[in-house]
Amino acid sequence: MLNEKSVMRSEELFSIRLRSVFQKFGYQRYKMSRFEEYDIYAKNKDFLISENVITFPDSKGRLMALKPDVTLSIVRSFNDRTSEVQKLYYDEKVYRTVHNSADFKEITQLGLECIGDIDEISISEVLVLALKSLQEISDEYILNISDIDIISKELSRLDVPEDTKKEILKAVGDKNFHELSMVLSSMEAEPEQKRRIEVIAKTSGEPEAVISSLRNEGITGVELDILERIIKEIRSAGFSKGVKIDFSVLSNTSYYNGVVFNGYVSGVSGKVISGGRYDKLLQKMGKKKKAIGFAIYLDELERLSDEKPMYDVDTVLLYNENDTDVTLKAKKLMDEGQSVLLSRTVPENRRYRKIVKAEDVLLEV
Amino acid sequence: MLSVALPKGRLGEKVYMMFEKAGFGCPGVMDNNRKLIFTDEEKGISFFWVKPSDVAIYVERGAADIGICGKDIINEYEPDVYELLDLNMGKCRMCVAAKKGYRDDQDRTLIVATKFSNCAQKYYSALGRDIDIIHLNGSIELAPILNMSDVIFDIVETGTTLKENNLEVVSTAFPISARLIANKAGYAFKTDEVNSLIEKLTDIMGEQK
């Protein structure tokens with residue numbers, strides 16, 4: 001039997017479900033044009049997931065790009081003088097390379113952005129929306145939350161070359177504790193500072209436990225207090241499981257700051273949600289407000305779809321030139337709820353439940 | 001169920017013995033037959049053997065939750081995975097080697113023969129040296145002997161092959177050993193399982209010292 005679900009690809013199904021979640025929270029759809037001037041991407045290459053962009057000159061000779069990203073366009077069009085917090089979501093096709101491959105792919109990307117004078121409530125709401133999105137996708141999900149300012153603050157206290165800081169961050173991101181201690185022991189710094197970095201890197205798991213064990217280790221600060229309040233908000237929104245604090249979630253620190261997060265669902269090998277605060281991107285684009293958002297990678301969900309139907313079509317209706325009322329006969333079968341493929345020969349590459357000859361279908365007179 | 005990608009060969013076998021000692025053994029893994037996957041439902045673990053250079057791919061794509069992989073492969077492919085443990089096995093180093101008595105002529109582009117193009121590129125760009133890479137798939141040592149390249153960028157274990165061919169190590173890029181890597185999503189869902197395995201493996205490594 002046909003229903004909407006069997007016609008839609010998983011990508012389309014999730015897209016509709018998630019959009020209705022965002023809409024429920026008062027987020028408005030942002031529709032963008034297919035092309036953007038290349039300039040905006042060239043200036044913020046590091047912000048893009050893959051640097052490769054499809055470009056072409058338009059009729060006036062301007063260099064245009066097939067959009068590889070939506071956030072940059074939203075930020076550019078954001079009016080910095082408004083006092084209102086803008087809540088937007090998008091459902092767009094983007095074009096970029098994936099998995100180290102050199103070929104471009106068209107990817108459906110869904111996401112939302114919250115820009116303006118955002119506070120802890122708006123941050124919590126975005127995290128709740130990320131969790132709700134994960135919930136729509138699968139019953140088994142995990143949202144790893146971190147605040148990159150916590151580790152950045154420790155690093156800024158160190159008097160070591162930038163390269164060393166990068167090495168430390170990489171080791172933290174890879175949960176590569178053996179190399180982290182190697183880097184730490186090879187550099188000159190207070191043992192206490194080294195210990196703090198190691199503690200932050202190694203502490204992960206249930207948010208409340210992580211926060212209290214960090215405090216026990218003497219790691220305190222406004223970031224941790226904010227994180228605690230956000231976790232409380234998330235809990236009271238009904239998410240008692242599937243939330244973890246994990247400082248290995250790192251995003252490019254020249255664009256992101258504060259809360260960052262990655263979402264996973266069981267059965268998909270990569271992250272399906274990725275997001276965070278990106279005040280620094282706004283600053284780079286000459287705006288003063290703050291922002292947080294996330295993207296959902298629907299292409300990752302292709303393989304998650306429920307089991308494939310056994311048949312492509314219920315009935316193959318075979319006919320020949322002498323048959324009459326063929327369309328009417330097909331309609332009769334369709335009205336009974338079957339899908340019907342009209343064909344003169346037995347199809348070779350389609351799976352069908354049964355074959356019916358048109359002459360055998362009786363129409364009521 | 002925890003799935004483990006093991007690298008075919010001596011190193012993989014040694015690592016598997018550690019798993020077995022840690023109580024995660026699975027009958028038949030070491031038998032020389034054509035079976036590909038070995039599963040022990042009760043212990044909740046399954047193993048499969050893959051080409052060493054493919055382990056990172058299996059883990060990154062989530063076909064395996066964890067895998068055993070050389071640091072050389074990790075640095076070359078830079079997979080998006082966690083690197084959870086240094087197993088201190090299969091130790092060797094990534095080196096620059098050249099004909100005995102070779103001196104680098106900073107005046108011209110250095111020609112480097114290697115199987116590890118990405119690693120070589122990163123190593124030399126950190127030094128600010130302009131290089132030309134010749135990507136080879138084996139017998140790298142031949143390149144400088146035949147004057148096809150100035151140096152080679154390759155794994156050195158004992159240095160015997162170099163010595164026999166009148167080559168010597170010029171500098172070391174990074175040390176290599178076997179690492180335990182994990183898929184990020186897999187780790188998020190099986191944190192406790194993976195961590196308890198790592199704990200046991202760490203204990204065994206301590207005993208072996």
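Reader: Is Leu142(B) buried, partly exposed or exposed?
Author: Happy to start there, with the reminder that this is a predicted model. Leu142(B) is found in helix α5 of chain B, which covers residues 142–145. Buried would need under 20% relative accessible area and exposed over 50%. At 45% relative accessibility, Leu142(B) therefore counts as partly exposed.

Reader: What is the phi of Asn147(B), and is the residue buried or exposed?
Author: Asn147(B) is found in the loop between α5 and β9 (151–156) of chain B. Most residues other than glycine have a negative phi. Asn147(B) has a positive value, near 60 degrees. With 59% relative accessibility, Asn147(B) counts as exposed.

Reader: Where in chain A does Asp325(A) lie, and what is its phi?
Author: Asp325(A) lies in the loop between β13 (313–318) and α13 (326–335) of chain A. Its relative accessible area is 45%, so Asp325(A) is partly exposed. Phi is positive here in a residue other than glycine, with a value near 55 degrees.

Reader: How are helices α7 and α8 of chain A oriented, and what is the hand of their crossing?
Author: Two packed helices are described by the angle between their axes and the distance between the axes. For α7 (residues 162–173) and α8 (residues 177–186) of chain A, the axes come within 8 Å and cross at roughly 155 degrees. Angles over 145 count as roughly antiparallel, so α7(A) is roughly antiparallel to α8(A). The crossing in which α7(A) passes α8(A) is left-handed.

Reader: What about α6(A) and α9(A): are they roughly parallel or antiparallel?
Author: The axes of α6 (residues 148–156) and α9 (residues 191–202) of chain A come within 10 Å and cross at roughly 160 degrees. Their crossing is left-handed. Given that angle, α6(A) and α9(A) are therefore roughly antiparallel.

Reader: How far apart in sequence are the parts tied together by Asp314(A) and Arg353(A)?
Author: The side chains of Asp314(A) and Arg353(A) meet in a salt bridge at 3.2 Å, N to O. Asp314(A) lies in strand β13 and Arg353(A) in strand β15 (residues 352–357) of chain A, so the parts tied together are 39 residues apart.

Reader: How many salt bridges are there over all chains?
Author: One of them pairs Arg277(A) with Asp279(A), the closest N and O atoms being 2.5 Å apart. Both of those residues are buried. Over all chains, the count of salt bridges comes to 41.

Conventions: Residues numbered from 1 in each chain as written. Chains lettered and ligands numbered in written order. Predicted model: local features only at pLDDT ≥ 70, side-chain atom pairs only at ≥ 80, totals over all residues. Heavy atoms only, no water. Helix = DSSP H or I, 4+ residues; strand = E, 2+ residues; numbered from the N terminus. Buried < 20%, exposed > 50% of the residue type's maximum accessible area, 1.4 Å probe, protein only. Axes fitted to C-alpha atoms, helices over the stretch in contact; angles between N-to-C directions. Parallel < 35°, antiparallel > 145°, perpendicular 65-115°, else oblique. Left-handed = near helix turned anticlockwise from the far one by under 90°. Salt bridge = Lys/Arg side-chain N within 4 Å of Asp/Glu carboxyl O.
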